[in-house]
Amino acid sequence: MAASGAETMSRPVDPGLADLGVREVAAIVANGTATAEDVTRACLARIAEREEEVRAWAHLDADYALQQARSLDAHRAAGLPLGPLHGVPIGVKDIIDVRGLPCERGTVLEEGRRPDADATVVACLRAAGAVILGKTVTTELAVYAPGKTRNPHDATRTPGGSSSGSAAAVAAGMVPGALGTQTNGSVIRPASFCGVYGFKPSHELISRRGALAESPIFDTIGTMARSLEDAAFLADVIAAYDPSDPWMRPGGASAFLQTAETDPPVRPTFAFVRTPVWDRTEDDTRAGLTELCEALGASVDEVELPEPFNRALELHGTVMGADIARHFSRYYDTGADKLSERLRGIIEDGRKVLAVDYILATEWVDILNAALDQIFDRYDAILTPSAAGEAPPIETTGDPAFCTIWTYCRVPAISVPLLVGDNGLPIGVQMVGRRGQDGRLLRNARWLVDQVTGQMSGDGQAA
């Protein structure tokens with residue numbers, strides 16, 4: 001990580017600018033209250049203040065960030081049209097390519113890798129006027145081995161994985177928004193542990209070109225921010241159709257934020273789903289969700305998933321393991337000794353998956369979605385845990401099992417920081433929507449936040 005240098009502190013910094021959200025920054029830069037350079041300097045100053053403790057950044061070049069900010073300020077001074085993110089600093093997970101910055105993917109086997117082109121989502125950010133502040137820490141090849149990042153609420157705890165740096169940087173006020181990715185639970189879980197909003201869109205809506213391929217049938221780029229509206233706004237910017245990504249489906253404008261800000265036509269109803277891994281939840285999570293359901297009253301029913309969902313974790317593991325074995329074979333074949341023991345094991349097991357088992361496991365995605373559609377015909381969204389509870393100790397990234405079913409089904413999900421655990425640490429509530437109806441999910445999540453925030457008390461009190 002490049003040091004910021006004396007130049008970063010050559011003019012006064014307003015530390016309060018680092019606390020602003022994505023849309024707030026865009027508004028004050030657009031109206032001239034602050035410049036893109038002012039905001040970027042504030043973020044760099046916050047990083048200088050907290051990075052030694054939090055360790056959220058894999059690659060940070062202050063001069064590179066300030067150069068972008070000055071160019072954007074010159075653009076505005078010339079009276080040219082401004083993009084929706086003009087002057088807004090954004091963090092990018094270090095498995096997503098950014099031209100001009102390293103992308104080492106959390107492994108020494110990619111040390112020195114420096115892509116010469118932006119990933120599609122980064123190109124979208126630049127076109128919208130964002131400042132690419134730096135690359136946030138990921139776990140080893142976005143799998144399980146923890147990186148250096150610490151939870152900003154308690155440095156002895158994990159920020160989660162694999163989008164650890166993105167969640168921690170947003171939570172610590174280092175950057176107003178960031179990109180993460182999810183192949184199992186890598187947006188929802190760290191968002192829950194760090195107390196931010198983490199939005200994983202439906203699988204087919206955002207291009208993965210220029211991001212590390214782990215399991216393309218599940219790989220999804222998501223957004224993290226300190227408000228639901230900012231997470232939706234970021235997702236709108238990066239949700240441009242990209243024909244170079246074969247998994248994308250063409251469609252109209254995403255309208256995530258526009259839909260999220262509208263009122264539901266009727267009072268929403270929710271299905272509270274424990275999932276087959278409910279026995280892994282901690283007491284404070286159970287208490288908080290119980291209190292949430294009681295507060296919602298007649299607006300929520302407990303719903304049990306059909307029996308085939310009990311196989312979802314196994315089916316997901318079959319597909320993801322085989323895909324990791326395929327896409328990470330070059331790492332295993334040339335540097336197995338430099339991979340973690342757990343990742344080596346996943347690759348070795350993945351190489352043993354039979355083609356017929358892989359194909360059957362992919363076919364169950366549509367079968368389970370048909371069952372989910374029956375739930376969504378009656379309910380507006382599913383409520384379920386984001387994670388077992390508060391962030392566990394730093395030696396692990398936590399259990400992704402509470403996200404696996406929804407990632408496997410490729411439906412949209414968002415972690416909403418509504419609860420506080422017994423140790424005062426955040427616990428997210430996961431909301432899940434019908435595949436392809438992301439805006440509707442966000443609208444119902446915003447309604448829930450408006451209804452519940454500040455109204456709960458006790459062990460599961462609102463954050």
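Tutor: At 30% relative accessibility, Arg23 counts as partly exposed. Before we go on, this is a predicted model, where local features need pLDDT of at least 70 and side-chain atom pairs count only at pLDDT 80 or more, while totals for chains, interfaces and linings use all residues. Residues are numbered from 1 along each chain as its sequence is written, and side-chain values use heavy atoms, with hydrogens and water left out.

Student: Why is Arg23 called partly exposed?

Tutor: Buried means under 20% relative accessible area, exposed means over 50%, and partly exposed lies in between (1.4 Å probe, protein chains only). Arg23 has 30%, so it is partly exposed.

Student: What makes Asp230 buried or exposed?

Tutor: Its relative accessibility is 4%. That value is under 20%, so Asp230 is buried.

Student: How do you know that Asp230 forms a salt bridge with Arg23?

Tutor: A salt bridge needs a side-chain nitrogen of Lys or Arg within 4 Å of a carboxyl oxygen of Asp or Glu. Here the closest N and O atoms are 2.9 Å apart, so the pair qualifies. The two residues link distant parts of the chain, 207 residues apart: Asp230 sits in helix 7 (residues 228–238) and Arg23 in helix 1 (residues 22–31). Helices (H or I, at least four residues) and strands (E, at least two) are DSSP runs, numbered from the N terminus.

Student: How many salt bridges does the rule give?

Tutor: The count comes to 27. Asp19, Arg46 and Glu49 are linked in a network of them.

Student: What makes a group of residues a nonpolar core?

Tutor: It is a set of buried Ala, Val, Leu, Ile, Met, Phe, Trp, Tyr and Cys residues joined through side-chain atoms within 4.5 Å. The largest one has 115 residues, and those with the most contacts inside it include Leu85, Ile96 and Met431. Helix 7 gives the most to this core, with 8 residues. Another core, of 28 residues, lies apart from it, with Phe309 and Val365 among them.

Student: Which residues is Ile96 in contact with, leaving aside its neighbours within four places in sequence?

Tutor: Contact means heavy atoms within 4.5 Å. Among the partners of Ile96 are Cys103, Val121, Leu179 and Ile221.
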